[in-house]
Amino acid sequence: TVNGKVAGRWEFLPGYAIRGSVSTGFRAPSLAQQFFATTSTNNVNGNLIEIGTFPVSDPVARALGSRQLQAEKATNFGGGIAISPFEGFSLTADYYNIRIRDRVVLTENLQGPLGVAELARFNITNVTSARFFVNGVNTRTQGVDIVATYAVPEFGLGNFRFTAGYNYNET
């Protein structure tokens, strides 16, 4: 993939600045997402079912529609302010927006008569539901991050620094 980042900061008055950035990125599927296999008993709506998690290259997963996993792709936007109006105090406030395309997630539990029949075709009779990893969703996470720091002037009792932070985000 081709990825890059552009960032800038402009201090328009001493102690007052605005900043921003735009970048792209990717995350390759992990080995576990590509090759993980397990069977577990899960409680689904009060019923115990045996769920098989299959690697995407497994014949069972292929028969149920799996495809080779692709890298997740991201676009990031961010911007904010940084102020230091007096000695020892600073405040930053930033907005961020992260969009991820082709995010790797597990499928729903593929079950029912057709799913059981497909599993039986591969001589798997102890599992009644199957799942595997797919590039299944696009997500957006956005939020704000605010941090204030105050360094108390030295009075001979040591160095004291107070920090307060607030973060709000939604995906």
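**View 1. The hairpin formed by strands S5 and S6 in a predicted model.** Strands S5 and S6 form a hairpin with five residues between them, and glycine 88, which sits in the turn, has a positive phi of about 90 degrees. Strand S5 covers residues 72–83 and strand S6 covers residues 89–106, and the two pair in the antiparallel sense over 11 bridges. Here strands (E, at least two residues) and helices (H or I, at least four residues) are DSSP runs numbered from the N terminus, and two strands are said to pair if DSSP finds at least two bridges between them. Residues are numbered from 1 along each chain as its sequence is written, and side-chain values use heavy atoms, with hydrogens and water left out.

**View 2. Strand S6 beside strand S9.** Strand S9 (residues 133–151) runs antiparallel to S6, and 16 bridges join them. Two facing positions can be picked out in this view: phenylalanine 89 stands opposite tyrosine 150 in S9, and valine 105 has valine 134 of S9 as its bridge partner.

**View 3. The open sheet that contains these strands.** Six strands form an open sheet with antiparallel pairing, in the order S1-S2-S5-S6-S9-S10. Its edge strands are S1 (5–13) and S10 (161–170), each of which pairs on one side only. Neighbouring strands of the sheet are turned by 10 degrees against each other on average, direction ignored; the axes are lines fitted to C-alpha atoms, for helices over the stretch in contact, and angles run from 0 to 180 degrees between N-to-C directions.

**View 4. Two residues with a positive phi.** Most residues other than glycine have a negative phi. Aspartate 102, which lies in strand S6, has a positive phi near 60 degrees although it is a residue other than glycine. Asparagine 123, found in the loop between helix H3 (113–121) and strand S8 (129–131), is not a glycine either, and its phi is positive at about 60 degrees. Aspartate 102 counts as partly exposed because its relative accessibility is 29%, whereas asparagine 123, at 69%, counts as exposed. In these terms, buried means under 20% relative accessible area, exposed means over 50%, and partly exposed lies in between (1.4 Å probe, protein chains only).

Conventions
This is a predicted model: local features need pLDDT of at least 70, side-chain atom pairs count only at pLDDT 80 or more; totals for chains, interfaces and linings use all residues.
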